[in-house]
Amino acid sequence: MPTKKQEVKQTNNPFPAMEEEVLNFWEKNGIFEKSVNNPPNPLYQGGSKGDYIFYDGPPFATGEPHYGNLVASIMKDAMPRYLTMQGYRVERRWGWDCHGLPVENLAEKELGFKSKQDIEAMGVAKFNDYCKSIVLRYAEEWKKTIRRIGRWVDMENDYKTMDPDYMETIWWVFKSLWDKKLVYKGYKAMHICPRCGTTLSNFEVTQNYKDIKDLSATVKFELEDEPGTFVLAWTTTPWTLIGNVALAVGENIDYVKIKIEPEAEFTENNGVDESYNKEKNNYLITAKDSLEKVVNSFRFKNETNKPDARYWHIEENFKGKDLVGKKYKPLFDYYAKDEKLENKANGWKIYAGDFVTTEDGTGVVHIAPAFGEDDMNLGKENNLPFIQHVSMNGIIKPEVKDFAGMEVKPAGDTQKTDVEIIKYLAHNELLFHKEKYEHSYPHCWRCETPLLNYATDSWFVKVTDLKDDLIKNNQNIQWVPEHIKDGRFGKWLEQARDWAISRNRYWGATLPVWICDKCEEKIVVGSREELKKLSGNEVNDLHKQYVDEITWSCKCGGTMKRIPEVFDCWFESGSMPYGQEHYPFAGKKYRDNSPVPADFIAEGIDQTRGWFYTMTVLSTALFGSEPAKNIIANGIVLAEDGQKMSKHLKNYPDPSSLFNKYGVDAMRYYLLASPVLVAENLSFSEDGVKESLRKIVMILWNVYKFYAMYATDLPLTRGTMMVKKNATPLIRGSVIFLINGF
């Protein structure tokens, strides 16, 4: 506990009041504006060096700024100040991210909505109006905080991703990609959020993995031509078994057929499901490498409770290719009994798959083409039936009578539906073994709902066609820290996949694609003027409720109608170099006739799979360039105990209280001098800010006070300090440092 004397010292700390005086001086005299419009001569020789281009990534204003925002903002302030003193002109324009799930989820929560159906019932226009009304809810709080930390940035001439001009540029970006044949509509296995009812891009999926406990099951598939012989397949998603249409084995993997003798006696806590029938189900097929795991599932009643060679033996050895083509009985008949099911004759067979391994499970993979990338690819290659027994909202369809209406991955209890399916399998003697399985599972980065791997359609950017250029352009970037270039970011680019950019949502920039309802001709619109020429309708606001009403006649006699999707909000923020200036419509001139590369951008290290990535994809696709010459990635600010900062847990001090207690300069120095500036995590400590005040700020202030005491011609009025011409370089430098701040 601090002593009363210490409390008095902290209460009487003069620096917060002095900082307010400086802030008022800057505002009253337009110092920031002067530094941009009429940059001062550099402190060193050489004269003005021209423009230094800085782009600022847009945050959402639906929440108050936190320490992570403070780190990025202080970093974005320190560099431009330094460059201004070097003789550069550095524009700094603020922006706001306004669209997408972050805003929609907040609106749904406040409106008490549980699903997309609630939005449809309210009406898209009213819902979007509500989203617009909350987008800038905390904008004034942000402005106060940004001002208080001493950051120089233009927040009055800000850009907003929901502005009509910005959205028109988004249309231009999309059409440019379309003209370059870098956009297509595809049907793929992707992750979806069942609550939000939309797809997510691959980099969004990586943002929120959590360790959860699920149920895994080893299931018995009986061969049609060998009654009593079962192929064992292991799965961590029992709910997908209803959609099973095939099994996959490795052609060159060794498999065994084992026999469990009828006289084998099991212990009461036998690992195999109690429904196992030794008399009826005594032949099992598994990969040879998995044999020990399978046999160890039995706990025989003997001296050791371990597998006893008297009770089982290998009946046959063979390669996976010998299993290929064999048919097995479906686990469920909801779809298998449908004679009209497309490609039914190819279903419920064993196929070869080059993705099959023996690292986990039994060396046999259950295939449900609607719920996995490998599954879907194998389904396409072999014309398998396609069974999608789950709707986009994660609910099992009515025709699956025993499980209809169940949510396959409930947020509150992820095992709930799997338990019911496992019970069904056990009752029908189709379950060999079950166990709890802890693994890392992706959740929605906005609503925390467990995601589903689900086959659906989306609009994609052909990132794979750009991969070589992305890797080459990355080499032109000076990264801080340097290891990100070939490490975290470089490795991500090497594995880059096509980017799903469309969302089945409402509050966002609209995809400018119109399709004829008769001949299916597609027209991509790149501007409001082009839309006017095509439809005869003039529109300013490009949100869904307005442009969805615009149609026109196709030359075939049909009607051109807009597709319902909106853009991924990352597509919008990744377009900010162009959108903020209404490129190319505003006619602004750029260095080398291109908005990219900027000289400098900065954000958190998590943006290597977010804003840094989308900026790189779009700048490479549009201009063949990297987005910036220099990129600084800061680390993550954690609570003092190393845990994630949480408002609920209240495990971190309120930033404004520290500003008033120690002053902002102490905070700035503490963060700028910490490992967080080189992409390492920082466990935030109030003691660190206090130490910065004591060891840095107060020492510098004492240097000034010492000088002022003996320099009789140095006015003591703050903000107008003059330094004696014959002062020593050390004192002159110290005073200049104090005036310019940290």
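The model is predicted.

**Tyr52 and Tyr88**

- A pair of aromatic rings is described by the distance of the centres and the angle of the planes.
- Tyr52 belongs to the loop between β1 (50-51) and α4 (67-85), while Tyr88 belongs to strand β2 (residues 88-89), so their pairing ties together parts that are 36 residues apart in sequence.
- Tyr52 counts as buried because its relative accessibility is 12%, under the 20% cut-off.
- Tyr88, at 22% relative accessibility, counts as partly exposed.

**Tyr670 and Phe684**

- The ring centres of Tyr670 and Phe684 are 5.4 Å apart, and their planes stand at 80°, so this pair is edge-to-face.
- Tyr670 is in helix α22 (residues 664-672) and Phe684 is in the loop between β28 (682-683) and α23 (686-710), so the pair ties together parts that are 14 residues apart in sequence.
- Both Tyr670 and Phe684 are buried.

**Ring cluster**

- A cluster linked by ring pairs takes in the phenylalanines Phe174, Phe203, Phe567 and Phe571.
- The tryptophans Trp178, Trp445, Trp459, Trp492, Trp499 and Trp570 belong to this cluster, as does Tyr613.

**Lysines over rings**

- Lys220 has its charged end over the ring of Phe230, at 5.3 Å from the ring centre.
- Over the face of Tyr441 lies Lys409, 5.0 Å from the centre of the ring.

**Strand β10 and its partners**

- Strands β10 and β12 (residues 312-319) run antiparallel and are joined by seven bridges.
- Within this pairing, Val256 is opposite Asn317 of β12.
- Strand β11 (residues 283-287) also runs antiparallel to β10, and five bridges join the two.
- Here Tyr255 is opposite Ala287 of β11.
- In a regular strand the side chains alternate between the two faces of the sheet.

Methods:
Residues numbered from 1 in each chain as written. Predicted model: local features only at pLDDT ≥ 70, side-chain atom pairs only at ≥ 80, totals over all residues. Heavy atoms only, no water. Helix = DSSP H or I, 4+ residues; strand = E, 2+ residues; numbered from the N terminus. Buried < 20%, exposed > 50% of the residue type's maximum accessible area, 1.4 Å probe, protein only. Phe/Tyr/Trp six-rings, centres within 6.5 Å; stacked < 30°, edge-to-face > 60°. Lys NZ or Arg CZ within 6 Å of the ring centre and 35° of its normal. Pairing = 2+ DSSP bridges.
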